[in-house]
Amino acid sequence: MFRCSLVTFFAVVALPAFALEKATFATNWRAQAEHGGFYQALVDGTYARYGLDVTIQQGGPQINARLLLAAGRVDFAMGANTIQMFESVQQNVPVVTVASMFQIEPAVFMSHPGEGLDRFEDLPSATVFIASDFRASVWQWLKQSYGFKDEKAKPYGFNSAPFIADKKSVQEGILTSEPYAIEQKAGFRPNVFLLADYGYDSYSTTIETRAETIDKKLDLVQRFVDASIIGWYAYLYGDNAAANAAIKRDNPEMTDAQLAFSLAKMKERGIVDSGDALALGIGAMTDARMTSFFDKISKAGVVPAELDYRKGYTLRFIGKKVGMELRR
């Protein structure tokens, strides 16, 4: 009788270990290598080992991950950059950044080589193709810090043909994407200027959740952050073939060559694993870095100087050196 009761007791206690908790993560664009760590954690079972049944909801041009998160339709969302976090605070959106998978914002400018635009200081004199969100954010900092002028800016509609045709022009882009596309389409390798090298120290590819989720499901948030961090170490330094296959299933337009290029650039420039992440682990953020970026952006007039930006993030889930033993 005692043995039977003991068996029953352990069976009841053990059940929760096998009941995976569902969580949905909305990305901010179509599947790509820049999302690789999350796909890695999904396909190699890391999320499951952390008790999570995760669904990755792919983003796209008509999908706003932050709105889905704020409306409670997903549990976590991928944030693009720190300015979006500031805007959420300014608009009283109850969304909190809990980790930053990219230590370096991969925003770049590109120029034609050998056309007098081979140095960053040459760029303000050129025609610059920029998108509307870039104009409202990064461009304001560039004007304030480096003397770029509004009259030189032209709309960029994510079609590189105008830039390719005008050898005296500059185009915005993402380090892991547009330089590869230009080389494939136009047959030349553009000059690439990573804006982070010139002081633009925004975080990027963040994990966001609702303040309510932090209050009520603290353990869920911690497990999702930890598993995602391990996924990123595995994607960067381990066997990522299954993750890349999953990315291509979600986004059939993605190619092996583009995935390889993107991963190489992320590793080459330490987009994910550099800076504070070397000591604190992938996902790291610091108050000092947030303050540095806020001071620059508020000085440029992008957000109010009195904004209480600290409401938009927390450091409680990161900096624990999770998964660092996987680094090679």
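The mean positions of the 35 positive and 37 negative charges of the protein chain lie 2 Å apart. Here Lys and Arg count as positive and Asp and Glu as negative, with His and the chain ends not counted; each charge is placed at NZ of Lys, CZ of Arg, CG of Asp or CD of Glu.

A word on the source: this is a predicted model, in which local features need pLDDT of at least 70, side-chain atom pairs count only at pLDDT 80 or more, and totals for chains, interfaces and linings use all residues. Residues are numbered from 1 along each chain as its sequence is written, and side-chain values use heavy atoms, leaving out hydrogens and water.

Now to the chain as a whole.

| Property of the protein chain | Value |
|---|---|
| Box filled by C-alpha atoms, along the principal axes | roughly 90 × 45 × 35 Å |

Of the 328 residues, 53% count as buried, meaning under 20% relative accessible area with a 1.4 Å probe and protein chains only.

Let us look inside. A nonpolar core is a set of buried Ala, Val, Leu, Ile, Met, Phe, Trp, Tyr and Cys residues joined through side-chain atoms within 4.5 Å. The largest one has 92 residues, of which Phe-109 and Trp-232 touch the most other members. Helix 11 (residues 218-237) gives this core its largest share, 12 residues; helices are DSSP runs of H or I with at least four residues, numbered from the N terminus. A second, separate core has seven residues, among them Ala-26, Ala-65, Leu-69 and Val-74.

Notes:
Buried means under 20% relative accessible area, exposed over 50%, partly exposed in between (1.4 Å probe, protein chains only). Helices (H or I, at least four residues) and strands (E, at least two) are DSSP runs, numbered from the N terminus.
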